[in-house]
Amino acid sequence: MKPLKPFMISRIAKLSLCLFIAAFTCAAARPAGSDEVVWNVQTDQKLIALTFDDGPNPVYTPQILDLLAQYQAKATFFVLGKRVKMYPAVAIREVNEGHEIANHTFDHHFLKNYPPERLVEEIRQTQEVIFDITEQMPHVFRPPGGFYNEALLKSMKEDKLTVVMWSWYQDTKDWRKPGTDKIVQTVLGNVHNGDIVLFHDLEGDCSQTVEALKRILPELKKQGYEFVTVSDLITKTQK
């Protein structure tokens, strides 16, 4: 499979606002080189990418997969290498059901607290783990916490991994357990074509995420949205 080339939002104004908001929310660090990072996709088609970080979760990821299947939705799972090793059957199911499996490092270290070269080693280790277990080689990477720098971007480019973040207004912060209503409101109240939505299927209780999806999926489908993987979404970019 030919690696995908990274893209970014074409509208400078929207990207500038994204940077401004993130600086105040501390959601992620955005150094120079963001033209090599995907935040949104500009498309006139009603496409949306649902993404799930930090899994697999042996209890809640299967429930998420059941819901996705019910609504003919494809998603991207940014998995941790250590959890793929712990729950290989869940990772294999993700791939077998047509979802995209993507790299989120081995042990979720933030770049701001970790040497770039060691993080790159983790990323490459995770590539091997995912391939050994699922026979799929990820083409997409998301840095934990959204932290990256020029050195990391350079390494990802060399490894032919597209760095993908999320739409700044589609960070559900579900890991904080804000309540099902809040998660639903975040997604449905801000939805646009080409959005990349951030959820988590991390270790622990993800029941609010599951309950929110029970409302989000049918409503977005009713509005005419198609749920696609991040890589499929990127191919729809308007140049």
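Reader: Why is Arg 215 called partly exposed in this structure?

Author: In this predicted model, Arg 215 has a relative accessibility of 41%.

Reader: What makes Asp 181 and Arg 215 a salt bridge?

Author: Their side chains meet at 2.8 Å, N to O. The criterion is a side-chain nitrogen of Lys or Arg within 4 Å of a carboxyl oxygen of Asp or Glu, so the pair qualifies. Asp 181 lies in helix H7 and Arg 215 in helix H8, so the bridge ties together parts 34 residues apart in sequence.

Reader: Is Asp 181 buried or exposed, and why?

Author: Asp 181 has a relative accessibility of 53%. Exposed means over 50%, and Asp 181 is therefore exposed.

Reader: Why is the contact between Lys 82 and Asp 107 called a salt bridge?

Author: The closest N and O atoms of Lys 82 and Asp 107 are 2.5 Å apart; the cut-off is within 4 Å, so the name applies. The pair links distant parts of the chain, with Lys 82 in helix H3 and Asp 107 in the loop between strand E4 and helix H5.

Reader: How do you know that Lys 82 and Asp 107 are partly exposed?

Author: Lys 82 stands at 31% relative accessibility and Asp 107 at 29%. Buried would require under 20% and exposed over 50%, so both residues count as partly exposed.

Notes. Residues are numbered from 1 along each chain as its sequence is written. This is a predicted model: local features need pLDDT of at least 70, side-chain atom pairs count only at pLDDT 80 or more; totals for chains, interfaces and linings use all residues. Side-chain values use heavy atoms; hydrogens and water are left out. Helices (H or I, at least four residues) and strands (E, at least two) are DSSP runs, numbered from the N terminus. Buried means under 20% relative accessible area, exposed over 50%, partly exposed in between (1.4 Å probe, protein chains only).
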